[in-house]
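Welcome! Please take a moment to look over the model below, and then read on for a short tour.

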Amino acid sequence: MNAYFEFPWSAEDLPIAEPVTGPLTLVTSVMVAARVSRMKQCKAAAPSGIVAEMLKASSEVSTPLLCKIVNDIIIIIINPVLIQFYPR
């Protein structure tokens with residue numbers, strides 16, 4: 001097995017858990033704005049080259065875009081069955 005997927009516990013020792021059900025919680029612009037405001041400055045850039053200072057300086061434009069990206073990920077990747085109900 002690849003070392004990336006090795007865990008310090010045995011799969012047999014894990015408890016059985018019921019599946020999580022209920023509606024997905026989509027991200028709001030308020031949630032994104034709160035997280036962006038808490039980002040530390042003077043940190044290394046992400047692989048995209050975007051740093052916290054850029055997001056903070058462009059928050060009026062970037063917050064709705066980030067909110068849309070995160071919600072697209074939730075809908076399309078995590079629960080693709082719901083894509084038919086998601087407004088484009």
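The structure holds one salt bridge, and since this is a predicted model, every value in this tour is computed from its atoms. The partners are Asp-72 and Lys-68, whose closest N and O atoms are 3.0 Å apart. Why can these two reach each other? Both sit in helix α3 and are four residues apart, so about one helical turn separates them. In general, side chains of opposite charge can pair when their charged atoms come close.

Now step back to the whole chain. It has three helices and zero strands, and reading along the sequence gives the pattern α-α-α. Of the 88 residues, 16% are buried. The accessible surface comes to about 7500 Å², with 67% of that belonging to carbon and sulfur atoms. Among contacts with a separation of 6 or more, 48% are between residues 24 or more positions apart.

A polar atom of the Asn-71 side chain lies 2.7 Å from the backbone nitrogen of Val-27.

Val-27 also belongs to the largest nonpolar core, together with Val-32, Val-36, Leu-55, Cys-67 and Ile-74. The elements that give two or more residues to this core are α1 and α3 (59-78). In soluble globular proteins, nonpolar side chains tend to be buried together. Which residues does Val-32 touch, leaving aside those up to four places away in sequence? They are Val-27, Thr-63, Leu-66 and Cys-67.

Nonpolar residues can be found on the outside too. Leu-24, Leu-26, Ile-69, Ile-73, Ile-76, Ile-77 and Ile-78 form a patch on the surface, with about 610 Å² of accessible area together. Ile-78, which is placed in helix α3, counts as exposed at 57% relative accessibility.

One more stop is Cys-42, in the loop between α1 (29-38) and α2 (52-57). Is Cys-42 buried or exposed? With a relative accessible area of 72%, Cys-42 is exposed. Its backbone is worth a look as well: phi of Cys-42 is near 65°, a positive value in a residue other than glycine. For context, most residues other than glycine have a negative phi.

The table below gathers the accessibility values from this tour.

| Residue | Relative accessible area | Class |
|---|---|---|
| Ile-78 | 57% | exposed |
| Cys-42 | 72% | exposed |

Notes
Residues are numbered from 1 along each chain as its sequence is written. This is a predicted model: local features need pLDDT of at least 70, side-chain atom pairs count only at pLDDT 80 or more; totals for chains, interfaces and linings use all residues. Side-chain values use heavy atoms; hydrogens and water are left out. Buried means under 20% relative accessible area, exposed over 50%, partly exposed in between (1.4 Å probe, protein chains only). A nonpolar core is a set of buried Ala, Val, Leu, Ile, Met, Phe, Trp, Tyr and Cys residues joined through side-chain atoms within 4.5 Å. Contact means heavy atoms within 4.5 Å. A polar contact is a pair of N or O atoms within 3.5 Å; within protein, one must be able to donate a hydrogen and the other to accept it, and residues adjacent in sequence count only if both atoms are side-chain atoms. A salt bridge is a side-chain nitrogen of Lys or Arg within 4 Å of a carboxyl oxygen of Asp or Glu. Patches are made of residues with over 30% relative accessible area and no salt bridge: like charges are joined within 9 Å, nonpolar side chains (Val, Leu, Ile, Met, Phe, Trp, Tyr) within 5 Å. Accessible areas come from the Shrake-Rupley method with a 1.4 Å probe; for residues, only the protein chains shown count as cover.
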